[in-house]
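Look over the structure below before reading on.

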Amino acid sequence: MGRIYKPVEVSFEDRKITTVGLVDTGADESVMSERLAKKISAELYGRYKAFCASQYVIRGRYTDVTIKDLKSGKYATLKVGVSDIPFDTDDINDEGLEIILCIDFIQSVNLVELR
């Protein structure tokens with residue numbers, strides 16, 4: 001099937017940016033890069049820890065952002081992990097991705113059309 005991408009708007013308070021997210025239906029919680037968090041001056045808090053299917057551990061912080069699917073107009077405010085670790089892999093880094101949209105986003109906006 002290949003990768004699924006969605007154009008989204010990510011915002012924190014009155015600061016927002018349009019980007020493309022990678023849809024990951026195999027992960028529970030969405031994660032964004034530290035680069036993206038800095039671009040919208042998102043406030044970070046707490047500690048984030050996630051276990052990947054490959055047994056790799058992602059560590060970072062949390063932030064609360066609003067993510068809007070630009071195709072449907074649906075949006076959700078979510079607590080997302082912030083870490084550059086998943087974005088530093090060669091295949092993702094080369095694509096310039098800064099957010100991975102997971103089940104929490106898909107369910108929150110009742111997204112039925114992934115493409």
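**A strand and its partners**

In this predicted model, strand β1, which spans residues 4-12, is mostly covered, as seven of its nine residues are buried. Strand β1 runs antiparallel to β2, and nine bridges join the two. Together β1 and β2 form a hairpin, with two residues between the strands. Glu13 sits in that turn and has a positive phi of about 55 degrees.

Strand β1 also pairs with β5 (residues 57-69), again in the antiparallel sense, over four bridges. Val10 shows both pairings: its bridge partner in β2 is Ile17, while its bridge partner in β5 is Ile67.

Now consider the loop between β2 (15-23) and β3 (31-32), where Ser30 lies. Is Ser30 buried or exposed? Its relative accessible area is 0%, and buried means under 20%, so Ser30 is buried. Which residues is Ser30 in contact with, leaving aside its neighbours within four places in sequence? They are Tyr48, Val80, Gly81, Ile100, Leu101, Cys102, Asp104 and Phe105. With one of these residues, Asp104, the side chain of Ser30 makes a polar contact of 2.7 Å.

Confidence in the model remains to be considered. The protein averages a pLDDT of 87, and 88% of the residues score at least 70. Confidence is highest in strand β6 (residues 75-82), at a mean of 96, and lowest in helix α2 (residues 90-93), at a mean of 58. Where pLDDT is low, the predicted coordinates should not be read in detail.

Technical notes:
Residues numbered from 1 in each chain as written. Predicted model: local features only at pLDDT ≥ 70, side-chain atom pairs only at ≥ 80, totals over all residues. Heavy atoms only, no water. pLDDT = per-residue confidence, 0-100. Buried < 20%, exposed > 50% of the residue type's maximum accessible area, 1.4 Å probe, protein only. Polar contact = N/O pair within 3.5 Å; in protein donor to acceptor, adjacent residues only side chain to side chain. Contact = heavy atoms within 4.5 Å. Pairing = 2+ DSSP bridges.
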